[in-house]
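Dear colleague,

I am handing over the structure we spoke about, and below it you will find notes on what was found in it. Please read them with the model open beside you.

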Amino acid sequence: MGAHAAPGWTAAWAAAPQNFDALPQLPGVPAAPKWMVQGTVRQQLTVALDGKQVRVRFSNRFGQRPLRIAAATVALGTGGGNLSPGTRQPLAIGGRAAFEVPAGQERWTDGADLAVRAGQILVVSFALAESVPATVVHRLPPDGAWLASGNQTDAAQLKDVQRKPWNLFVTGLDVTPPTPANVLVAFGDSITEGSGAESGADAARYPQRLGVRLQGVAGHTPVAVINAGIGGNRLLADFTGPSGISRFDADVLRQSGATHVLVLIGINDIGFGTFQGKLLPGFNPPTAQALTDGLQQLVDRARGRGLKVLLGTLLPFEGSGYWSEANEAKREAVNRWIRGRQDVAVVDFDAALRDPADGRRLAARYDSGDHLHPNAAGTAAMAQVADVPLLRE
């Protein structure tokens with residue numbers, strides 16, 4: 001505990017956003033029309049730490065014009081996007097109930113007096129002062145946002161609700177914990193975000209499962225696990241979301257009170273452009289050396305900011321559309337490099353989830369069915385192997 005100062009603002013939930021206007025388009029499929037958002041947006045999230053106060057991050061990271069908020073509140077959720085009126089607190093910035101977030105920037109609200117416990121559901125409601133293009137979006141949790149007309153930020157239950165598959169603009173929640181806490185940021189792609197782990201079940205994602213394992217262990221430092229995964233994300237190139245290299249500072253190093261990072265990324269760099277075992281024309285995937293150089297850059301940047309680093313080995317993927325002999329060789333080379341590290345903690349997801357009879361495949365009991373993403377049993381196994389003593393140091 002000696003490395004911790006008195007408890008201050010500490011990340012208790014966050015999501016890594018994407019730019020809605022830059023979402024990948026399938027060949028031959030028309031681009032999605034611009035999505036204009038108006039009225040009230042309500043988002044649900046799960047708190048990872050106990051706290052006496054909360055504050056909320058509004059992100060306009062990808063916006064081209066100011067995000068103007070007419071009113072905003074935070075409250076304990078009662079399920080289905082509803083809130084407990086007796087817990088509702090207004091949110092403000094600089095004491096102003098109406099505020100704006102400039103284009104390309106993010107803003108934290110002032111602290112609100114709301115006592116929360118790890119595992120509780122919160123809802124953040126905000127009314128837009130004007131119609132605005134959807135830009136900053138994410139899927140954590142899936143189906144966690146509700147849209148309604150007018151200003152319904154104080155409503156216990158929204159009227160005339162619309163649902164969208166994306167959450168909007170709210171990307172972080174900090175608390176002031178009663179005692180100092182560690183913050184582990186799980187950084188990666190869809191395996192971290194949670195694809196395949198019972199779609200819609202936020203608790204089935206490996207970072208959330210790990211967080212539950214680490215909660216409430218008597219005599220140990222509390223640990224918040226933050227999910228900074230983006231489905232389809234690549235380490236070295238923009239595609240689904242900004243590249244891992246380019247978003248690492250915003251999504252990891254700038255999380256309030258971050259102490260640890262667990263990096264699991266690279267399989268999309270290896271497999272992108274492969275179909276039925278062959279590399280399609282026009283694709284030039286990175287070498288294993290380029291991937292390990294990129295991972296080394298993340299290690300150096302994290303350690304330069306004082307974070308403890310954990311590297312996860314890449315999971316088996318034979319049978320998926322990404323797999324080929326050449327791609328398997330790259331995965332094995334990257335994993336050898338990770339296992340050979342002496343200066344970081346190695347989380348051997350590969351060894352924990354591979355088929356004992358064929359190490360190039362996920363074990364059937366952990367396979368979601370696409371031979372790439374673990375199912376709920378697989379994410380539970382990932383959480384178990386990632387539960388290392390370093391996280392409590």
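At the start of helix H8, a side-chain oxygen of Asn375 comes to within 3.1 Å of the backbone nitrogen of Ala377. Please keep in mind, here and below, that this is a predicted model. Helix H8 covers residues 376–386, and its buried residues are Ala376, Gly378, Thr379, Ala381, Met382, Ala383 and Ala386. The cover over these buried residues includes helix H1 (190–193), helix H2 (206–214) and helix H7 (349–353), together with strand S20 (260–264) and strand S24 (345–347).

His371 is partly exposed, with a relative accessible area of 27%. One of the residues in touch with His371 is Ser320, which also touches Asp370 and Leu372, when residues up to four places away in sequence are not counted. Ser320 itself sits in the loop between strand S23 (308–312) and helix H6 (325–339), and with a relative accessible area of 10% Ser320 is buried.

Two of the strands already named, S20 and S24, belong to an open sheet of 5 strands, which is ordered S19-S18-S20-S23-S24 and paired in the parallel sense. Strand S19 (223–229) and S24 are the edge strands, and because each has a single partner strand, one side of each is left without a neighbour in the sheet. Neighbouring strands of this sheet are turned against each other by 20 degrees on average, direction ignored. The parallel pairing of S23 with S24 runs over 3 bridges, and Leu311 stands opposite Val346 in S24. H2 packs on the sheet, where it touches strand S18 (182–188), S19 and S20, and its direction makes about 175 degrees with that of S19. Helix H3 (residues 244–253) also packs on the sheet and touches S18, S19 and S20, its direction making about 160 degrees with that of S18.

The crossing of H5 past H6 is right-handed. On the side of H5 the contact is made by Ala288, Leu291, Thr292, Leu295 and Gln296, and on the side of H6 by Lys330, Ala333, Val334, Trp337 and Ile338. Of the residues in this contact, 7 are nonpolar, 2 polar and 1 charged.

There is also an open sheet of 4 strands, in the order S1-S17-S5-S10, with antiparallel pairing. Strand S1 (10–14) and strand S10 (106–108) stand at its edges with a single partner strand each, so one side of each has no neighbour in the sheet. From one strand to the next, the twist averages 25 degrees. Strand S5 (residues 54–59) is joined to S10 by 3 bridges, the two running antiparallel, and Ser59 stands opposite Glu106 in S10.

Two further loop residues deserve a look. Phe169, in the loop between strand S16 (167–168) and strand S17 (170–175), has a positive phi of about 70 degrees although it is not a glycine, and at 0% relative accessibility Phe169 counts as buried. Pro141, in the loop between strand S13 (136–138) and strand S14 (145–148), is joined to Leu140 by a cis peptide bond, with omega about -5 degrees.

Methods:
Residues numbered from 1 in each chain as written. Predicted model: local features only at pLDDT ≥ 70, side-chain atom pairs only at ≥ 80, totals over all residues. Heavy atoms only, no water. Pairing = 2+ DSSP bridges. Axes fitted to C-alpha atoms, helices over the stretch in contact; angles between N-to-C directions. Buried < 20%, exposed > 50% of the residue type's maximum accessible area, 1.4 Å probe, protein only. Contact = heavy atoms within 4.5 Å. Polar contact = N/O pair within 3.5 Å; in protein donor to acceptor, adjacent residues only side chain to side chain. Left-handed = near helix turned anticlockwise from the far one by under 90°. Nonpolar A, V, L, I, M, F, W, Y, C, P; charged D, E, K, R; others polar.
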